Amino acid sequence: MKIPIIHSLNKVGLPLVVTRSRPHLCFLVDTGSSHNVMFSYVLNASELTYTPIDISHSIMGIDGTPTVVNQIETTLSFDEKDVSTTFSVLDATNAISQIQQESGIQIHGILGIPFLTQNEWILDFKRQTINTDAE
C-alpha cells in the first residue's frame with residue numbers, strides 16, 4: 001500500500017503520517033534520524049499504551065545538545081497494520097510548539113531509520129508517497 005504524503009509536503013514541507021487507531025498521532029518521517037523519537041508530552045497527554053524499557057541512552061536533541069533519554073515500546077497502527085517499535089522519549093516542547101504555531105500541525109514524534117528499515121518503508125518523493133509493501 002502507498003501512504004500519500006503530498007498534503008503534508010504541500011502544507012508544511014514535511015513528510016508526515018498519522019496513525020489509523022486512537023490516539024491519532026502524527027509522525028515526521030525522517031530518513032536522517034538514527035532513532036525513533038516520541039515527544040514526552042505525548043505520554044502524559046494521550047491514551048497511548050506503552051511499556052517503559054529499562055534502558056536509557058544519549059541522543060542528539062533538537063537543539064543539538066546530547067540528551068539522556070529513556071525508551072518505551074508501543075504498538076502503532078499504520079496502513080491497516082499494527083507495528084511494535086521502540087522510541088526514545090525526548091522533551092522537545094519548545095520546538096514542537098513553534099512548529100504547531102507556524103503550521104497548525106501538531107507532531108507527536110519522529111519515525112527514523114530504525115522504523116523505516118524494520119518495516120521496509122520506502123519514501124518516494126517523486127510520487128510523494130510512502131510504499132509500505134515489502135517487495
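These points describe the sheet, the nonpolar cores and one serine of a predicted model.

1. The strands come together in an open sheet of seven, which runs in the order 2-3-8-4-7-6-5 and has mixed pairing. Strand 2 (16–18) and strand 5 (50–60) stand at its edges with a single partner strand each, so one side of each is left without a neighbour in the sheet. On average, and with direction ignored, neighbouring strands of this sheet are turned by 35 degrees against each other.

2. I59 stands opposite T67 in strand 6.

3. The largest nonpolar core has 23 residues, of which V17, F27, M38, F78, L111, W121 and I130 touch the most other members. At least two residues of this core come from each of strand 3 (26–29), helix 2 (40–45), strand 6, strand 7 (81–90) and helix 4 (113–119). With residues up to four places away in sequence not counted, L111 touches V17, F27, L28, V29, D30, N36, F78, F87 and W121. Another core, of 12 residues, lies apart from the largest one, and C26, V37, I59 and A92 are among its members.

4. S103 belongs to helix 3 (residues 93–103), and it counts as buried because its relative accessibility is 17%, where the cut-off is under 20%. A polar atom of the S103 side chain lies 2.7 Å from the backbone oxygen of I99, and a polar atom of that side chain lies 3.1 Å from the backbone nitrogen of I105. Neighbours within four places in sequence left aside, S103 is in contact with K11 and V12.

How values were computed:
Residues numbered from 1 in each chain as written. Predicted model: local features only at pLDDT ≥ 70, side-chain atom pairs only at ≥ 80, totals over all residues. Heavy atoms only, no water. Pairing = 2+ DSSP bridges. Helix = DSSP H or I, 4+ residues; strand = E, 2+ residues; numbered from the N terminus. Axes fitted to C-alpha atoms, helices over the stretch in contact; angles between N-to-C directions. Core = buried A, V, L, I, M, F, W, Y, C linked by side-chain atoms within 4.5 Å. Buried < 20%, exposed > 50% of the residue type's maximum accessible area, 1.4 Å probe, protein only. Contact = heavy atoms within 4.5 Å. Polar contact = N/O pair within 3.5 Å; in protein donor to acceptor, adjacent residues only side chain to side chain.
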